[in-house]
Amino acid sequence: MSPRAACRLATLGFTQVYDYVPGKVDWLARNQPVEGTGADTEMIGRHLRQEVTTVRPEERISAVRARVARSAHRFALVTTADGILLGRLRAAVLDDADPTRPAGEVMEAGPSTLRPHEPAAAIADRLVDKGLSYAIVADPDGRLLGTVHPGDL
Amino acid sequence: MTTVLYPALRRLLDDGAQLVEVLPAGEYDEMHLPGSVNIPLKTLDATTTAGLDRSRQVVVYCWDAL
């Protein structure tokens, strides 16, 4: 729809016309604010926690273990320097892996993620049904936004 | 007409671009980008766009790329 609108504006004489092709859903998926009667809809992006331990793929497991031990959770997420989610280190891996190996070699690559504009109540039900204590939230570029936990939703 | 992704959109907004949502009014009323105005595609003409500043960039958007 927006390409047709952009063309229409051009035919009306507008010379600086841009089309934000990914549209409103992309904006919402980046946890950006919106206005309107539905702006107060409870979405998981409002309940993000940023306390999870994040590590770089080259960090050794021994160092990750120490950081996770000081955190509120028993897992860590592996990201690039600019926050792109690469993988997850579950507690079992942290406990069992060779401490000299880098995180990137033993991580679970490509963990499932949610977008921040998903409805909070439905996600809470889904997490409880599946027996999950948290879900990872990322934006459309794969950038880690945080985690959500059923008790918060 | 130029297509833009989110990073370029942010730069355009920082530069004072005008945002136009072209979805029907009901969808705009429910949820829209801050600072946007609503001109539904079916109503886009010289009259409804008269309020736009032709000397500034205009960014249009709808729900998604589909």
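The model is predicted, so local features need pLDDT of at least 70 and side-chain atom pairs pLDDT 80 or more, while totals for chains, interfaces and linings use all residues. Residues are numbered from 1 along each chain as its sequence is written, chains are lettered from A in the order in which they are written, and side-chain values use heavy atoms, without hydrogens or water.

Helix α6 (residues 120-129) of chain A has the buried residues A:Ala120, A:Ile123, A:Ala124 and A:Leu127 (buried means under 20% relative accessible area, exposed over 50%, partly exposed in between; 1.4 Å probe, protein chains only; helices are DSSP runs of H or I, at least four residues, and strands of E, at least two). These four cover an arc of only 105 degrees around the axis, which puts them on the same side of α6(A) (the arc is that of the directions from the helix axis to the C-beta atoms). They pack against β6 (113-114), β7 (135-138) and β8 (144-148) of chain A, contact being heavy atoms within 4.5 Å. The face turned away from this buried side carries exposed A:Ala121 and A:Asp129.

Turning to charged pairs, the count comes to 13 salt bridges over all chains (a side-chain nitrogen of Lys or Arg within 4 Å of a carboxyl oxygen of Asp or Glu). In one of them, B:Glu21 meets A:Lys24, with the closest N and O atoms 2.8 Å apart. B:Glu21 lies in strand β2 of chain B and A:Lys24 in helix α2 of chain A, so this pair joins two chains. B:Glu21 is buried at 0% relative accessibility, and A:Lys24 is buried at 2%.
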